[in-house]
Each structure stands twice: as structure tokens, then as C-alpha cells.
Amino acid sequence: MTRTSLLARISESRVWRSFFRHGWPDNPLDRSLVMTSNVFLHLHPVKVSRKSLHWAYSFGLGVISAILFAVLVWTGVLLMFYYVPSVERAYSTMKEIQLSVPLGQFTRDMHRWAAHAMVLVVILHMARVFYTGAYKPPREFNWLIGVALLLFTLGASFTGYLLPWDQLAYWAITVGTNIAGYAPVAGPAARQMLLGGGEVGQNSLLRFYTLHIAILPLLITLFVSVHLWRVRKDGGLAANDQRAASSEH
């Protein structure tokens, strides 16, 4: 049996076809099937604007944001094995992570800098979307999803600030929640809900910890899923250029 016939027999077998339901992508039909049937590539629409494929159009800021979020989840899970959300032990366990846990300092720094970078990249991503007019119909719903993701990112960064339970974190959260308390109508209630009392203490640490490791990451994951789904449904990245639209492939 020749090599060509062996490959043809494998590619036509039921097992192979159960995984790959298309032929070699050398024609428009199979190229479309590659995109629509692949669990990862199906995030992209079947047809995209040629202009939006240029790296300078988006700088990959959305992809970078997703990668940074994955880094934060991974390093956050590692830190959770050692961190104790208690006012008596939070600071000491944080120092143990830095000084006693193998690669603890590296993991914590990686988590911290990835958090800072994610805030910056998400803001730049929103600016790019606004500058290129990608918030206009039919993408206005996805723009609102992006605004919500920006707020969740800022919230995740803010809630993580208290967890080291040092002087800088304590007074930063005190000032931040006091500023939030001056917001019209819901300000005092929001401050009370965040702190779990009248001042920063054990209840505040538990609430910030729960928001930081569970509620906000789940919301970000859910909204990112909807965001990616809408990118695909809306035809990929916006390219409000008639010449680009005519060159879709």
C-alpha cells in the first residue's frame, strides 16, 4: 500500500471524518467548513474584512486581554493555595508566599503585573474600538458588553488591592470606598455593601476576596463568551471602509 493511498484511506475513514468533517481547505467550501466546524477557529466568522486582518488595525488588543485574563486565573489559583483571607493572617501568608513558597514571589509579581497590564490593554482596546467606529450598528450591543467588561476589569483590580492587607491597601480601600460613598442615591448603600460595616475590617476583606476570586472572574468569563459570540455574529472586526467591504473574502 502506497503512502498516498494510506493517507487517503485514513482521511476517508469514519473515525477521521468524525473529527474532521471537511476536506483539505483548497476550495471555498472546505475553507468555510474549516472555520465553522473547528471548536477554536469557529470563533472567527466565515468571512472577514481584509482590512481588519492587518495587525495594525487592532494590535491584537482583544487577544492580549484574553491571554492576560488566563494568566491572572492561573496565577490566582496558585496563590489561593496559600493565601488566607483573614485580617490576622492575610499579610503574613502573603509574606510567606513571597519568601517561603517556591516561585511564590514570581507568581505574585506575575499576577500583579498581569492585572496592571490587563487594565491598560482593555482601556486601549476600548479606545481602538471607539477610534475605528466599531461601536456603531450593528455592533452597539457588543460595545455595551465591552463597557461592562471594562468595569468588571477595574472592579477585579480594585478588589484585589485590599487582599495583601498592608497599610497601603488599607488606606487605598478606605479612600476608594469613601469616594464611592459620595455617589448620588446609591453611594452610601454601595459603600455599606462593599465594606460589610462602617469601616474596613474582616467583613470587608471577605467581601473583597469573594468578589475578586469568584463573582468578578465568573462575570468576566460569561461576558467574554458573549462578546466573542457577538464578534462572530456581527461579522468579525468592524472595517467601515467601502473598499475594504468590497474586498471581503
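Figure 1. Of the chain's 249 residues, 34% count as buried, meaning under 20% relative accessible area, while exposed means over 50% and partly exposed is in between (1.4 Å probe, protein chains only). This is a predicted model, in which local features need pLDDT of at least 70, side-chain atom pairs count only at pLDDT 80 or more, and totals for chains, interfaces and linings use all residues. Residues are numbered from 1 along each chain as its sequence is written, and side-chain values use heavy atoms, with hydrogens and water left out. The chain has twelve helices and zero strands; helices (H or I, at least four residues) and strands (E, at least two) are DSSP runs numbered from the N terminus.

Figure 2. H11 (202-233) runs for 32 residues and reaches 45 Å from first C-alpha to last, close to the 46 Å expected at 1.5 Å a residue; the expected span is 1.5 Å times one less than the number of residues. There's a bend of about 45° at Leu211, taken as the angle between axes fitted to the seven residues ending there and the seven starting there. Buried residues of H11 include Phe208, Tyr209, His212 and Ile220. The buried set packs against H5, H6, H7, H8, H9 and H10. After the helix comes Gly235, with a positive phi near 90°.

Figure 3. Leu216 sits in H11 and is buried, at a relative accessible area of 9%. Which residues does Leu216 touch, leaving aside those up to four places away in sequence? They are Phe152, Gly155, Ala156, Thr159 and Leu211. Gly155 is 61 residues from Leu216 in sequence, yet their C-alpha atoms are 7.5 Å apart. On the H8 side, the buried residues include Phe152, Ala156 and Thr159, and the buried residues of H8 pack against H7 and H11.

Figure 4. On a 1 Å grid over the protein atoms alone, a pocket is an open set of points where a 1.4 Å probe fits, with protein on both sides within 12 Å along at least five of seven lines; lining residues have an atom within 4 Å of a point. Of 32 lining residues, Leu79, His111, Gly160, Leu163 and His212 are closest to the centre. H5, H6, H7, H8, H9 and H11 each supply at least two residues of the lining. By class, the lining has 22 nonpolar, seven polar and three charged residues; Ala, Val, Leu, Ile, Met, Phe, Trp, Tyr, Cys and Pro count as nonpolar, Asp, Glu, Lys and Arg as charged, and the others, Gly among them, as polar.

Figure 5. Between H7 and H8 lies Pro138, and the peptide bond from Pro137 to Pro138 is cis, with omega near 5°. Trp165, in the loop between H8 and H9, has a positive phi of about 55° although it isn't a glycine. Is Trp165 buried or exposed? Trp165 counts as buried, because its relative accessible area is 18%. Val185, in the loop between H9 and H10, also has a positive phi, near 65°. Val185 counts as exposed, at 84% relative accessibility.

How values were computed
Contact means heavy atoms within 4.5 Å.
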